[in-house]
Amino acid sequence: MIIYYQDIAPLSDFGIGIPVSDIRAPKCIEYLSGLPEIRPHLAALICKEHEESISRTDVTRVHTPNYVKRIFEEERESTLIEAFELLDEKGNYNRYDPSKAKRPLKELFDTLLVKTAGTYQCAKSALESGFCFYFGGGFHHAHPDFGHGFCLINDIMITARRLMAEKRVESVWVIDVDAHKGDGSAAIAHSDPSIRTLSIHMGAGWPLDRLEFGPDGTQHPSFIPSDIDIPVFEGEEHLYNRALAEGLEKLAAFMKPDLAIVVSGSDPYEKDTLPSSAKLQLTLEQMAERDRLVYDFLKERRIPAAYLMAGGYSPESWRVYAALLELALKDRLKS
């Protein structure tokens, strides 16, 4: 029920200073190990083996041929710099110091393919058992032909489209509760009725802090709508879970899917430290209610659920995932 790769190179190995909290997974495991109901079963519930891989064909089902060629052949390093926003507007390094790198930047692409394989493995496990949580994944800002927001390729959509190609599923829901709009997923799934997207996110701020239309009248793809968008603005945190519950009921009006992928970012938590998530400040109790709403919604409808860790940038963010896993594992172990 838990996918936990322990041998993934951290971003710091590539000289990247994005403040992703690397203690989230081990702190969660430590916490779960202290729960008497879960401790005897925990080792059997965790899979640490890399059982899947992602091919160029898998990526091509989601991303345009020119973009795939860039990342696989011609411009891997430059596309990584763009996606991880490692240069500022003046061309200076931004949260990036090559002199501190232990590995060449271009090797990060191979790491991202491994992480994407984890998402696929999580989804397959969820189809078999009804629930799986992956300590990784959630690259929801990767668009068909570009990456940004620390996302080069969209593991969520790569997984959904591969499962469909293999005839394992016919339809998928993506429930995105990360602080930021799942703009890449919305753009990729736009006009595709086999994938329905719900995103509850900051009503203002990144990636919606740019002009929606360019000088030529072209809409920036970050504004392509999800099937259900739920913007929450500063000061409206007390309305968050009510709005989420209403959004889930709207989602239920669509045909029941074969699988739900939950982009379960902890960055709406009030103790998150990423500046671009500061416009949403939920308490730990509100975060737990968020996760309970989604978990119960999917369980009641008997929809297999694959949860991805997604964004979380605080030393305290592990508490959000620990509460979700405690809820899910206790529930699954008693049934």
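Analyst: Let us begin with a term: contact means that heavy atoms lie within 4.5 Å. Please keep in mind throughout that this is a predicted model.

User: Which residues is isoleucine 261 in contact with, leaving aside its neighbours within four places in sequence?

Analyst: By that cut-off of 4.5 Å, isoleucine 261 is in contact with Ile156, Thr159, Val172, Trp173, Val174, Ile175, Ala306 and Leu308. For one of these, isoleucine 175, the C-alpha atom is separated from that of isoleucine 261 by 6.2 Å, although the two residues are 86 apart along the chain. Isoleucine 261 itself lies in strand β7, which covers residues 259-263.

User: Why does isoleucine 261 count as buried?

Analyst: Buried means under 20% relative accessible area, and isoleucine 261, at 1% relative accessibility, therefore counts as buried.

User: What makes strand β4 largely enclosed by the rest of the structure?

Analyst: Five of the five residues of β4 (residues 172-176) are buried, and so the strand is described as largely enclosed. In a regular strand the side chains alternate between the two faces of the sheet. In β4 both faces are covered, with Val172, Val174 and Asp176 buried on one side and Trp173 and Ile175 buried on the other.

User: Why is the pair of phenylalanine 72 and phenylalanine 109 called edge-to-face?

Analyst: The structure holds twelve aromatic pairs. In the pair you ask about, the ring centres are 4.9 Å apart and the planes stand at 85 degrees; since a pair needs centres within 6.5 Å and edge-to-face needs planes over 60 degrees apart, the name follows. The pair links distant parts of the chain, as phenylalanine 72 is in helix α4 (residues 65-74) and phenylalanine 109 is in helix α6 (residues 108-129), 37 residues apart. Both of these phenylalanines are buried. Another edge-to-face pair is formed by phenylalanine 133 and phenylalanine 135, with 5.0 Å centre to centre and 75 degrees between the planes.

User: Why is glutamate 85 called partly exposed, and why is arginine 302 called exposed?

Analyst: Exposed means over 50% relative accessible area, buried means under 20%, and partly exposed is in between. Glutamate 85 has 24% and is therefore partly exposed, whereas arginine 302 has 74% and is therefore exposed.

User: What is phi in glutamate 85 and in arginine 302?

Analyst: Most residues other than glycine have a negative phi. In glutamate 85, however, phi is near 55 degrees, a positive value, and in arginine 302 phi is likewise positive, near 55 degrees. Glutamate 85 is placed in the loop between α5 (76-83) and α6, and arginine 302 in the loop between α10 (284-300) and β8 (305-308).

Technical notes. Residues are numbered from 1 along each chain as its sequence is written. This is a predicted model: local features need pLDDT of at least 70, side-chain atom pairs count only at pLDDT 80 or more; totals for chains, interfaces and linings use all residues. Side-chain values use heavy atoms; hydrogens and water are left out. Helices (H or I, at least four residues) and strands (E, at least two) are DSSP runs, numbered from the N terminus. Buried means under 20% relative accessible area, exposed over 50%, partly exposed in between (1.4 Å probe, protein chains only). Rings of Phe, Tyr and Trp (its six-membered ring) pair if their centres lie within 6.5 Å; planes under 30 degrees apart count as stacked, over 60 as edge-to-face and the rest as tilted.
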